[in-house]
Amino acid sequence: MQSDTGLVEASTAPRYLHVIASARLETGGPIEGVRQRARVLRELGCETELVCLDAPDEVDAEAIGMPVHALGPSRGSYRANGRIVPWLREHAPRFDAVTVHGIWQQHDMAAWRALRRGPVPYFVFPHGMLDP
């Protein structure tokens with residue numbers, strides 16, 4: 001619900017989860033888009049969190065600007081990780097929507113497996129990964 005200021009009231013603030021293969025800032029790419037989107041959502045009064053396949057010691061949650069759930073370490077270039085599907089099934093119902101950032105790594109298939117039959121809508125943002 002919006003207040004007179006146009007911002008969403010905290011008690012009813014929409015909650016968004018971002019799913020990304022890597023939240024390491026030095027890699028650039030989709031993580032910067034996630035940070036900017038989350039900043040705007042917070043300015044509108046929304047709550048945002050991020051789940052990634054990095055190891056906890058590889059991610060700077062303070063610099064990212066939102067709570068980060070780092071489920072790694074992951075293996076190989078596909079970022080294989082057995083923790084993400086169970087994590088998404090357990091935690092996604094706390095959110096109003098989920099956005100999967102990027103494709104071609106395990107996080108996008110894991111999101112599909114965990115969320116396809118659930119009540120939480122999810123969206124895939126390929127960040128140019130389908131461009132010719």
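Reply: Contact here means heavy atoms within 4.5 Å. This is a predicted model: local features need pLDDT of at least 70, side-chain atom pairs count only at pLDDT 80 or more, and totals for chains, interfaces and linings use all residues. Residues are numbered from 1 along each chain as its sequence is written, and side-chain values use heavy atoms, with hydrogens and water left out.

Me: Which residues does Val19 touch, not counting residues up to four places away in sequence?
Reply: Neighbours up to four places away in sequence are left out. Val19 then touches Val51, Ile84, Leu88, Val98, Thr99, Val100, His101 and His107.

Me: Which residues have the most contacts inside the largest nonpolar core?
Reply: A nonpolar core is a set of buried Ala, Val, Leu, Ile, Met, Phe, Trp, Tyr and Cys residues joined through side-chain atoms within 4.5 Å. Buried means under 20% relative accessible area (1.4 Å probe, protein chains only). The largest such core has 18 residues, and the most contacts inside it belong to Leu17, Val19, Val51, Ile84 and Leu88.

Me: How do helix 3 and helix 4 pack, at what angle?
Reply: Helices are DSSP runs (H or I, at least four residues), numbered from the N terminus. Axes are lines fitted to C-alpha atoms over the stretch in contact, and angles run from 0 to 180 degrees between N-to-C directions. For helix 3 (residues 84–91) and helix 4 (residues 106–115), the axes lie 9 Å apart, at an angle of about 45 degrees.

Me: What share of the 132 residues is buried?
Reply: The count covers the protein's 132 residues. Buried residues make up 42%.

How values were computed
Helices (H or I, at least four residues) and strands (E, at least two) are DSSP runs, numbered from the N terminus. Buried means under 20% relative accessible area, exposed over 50%, partly exposed in between (1.4 Å probe, protein chains only).
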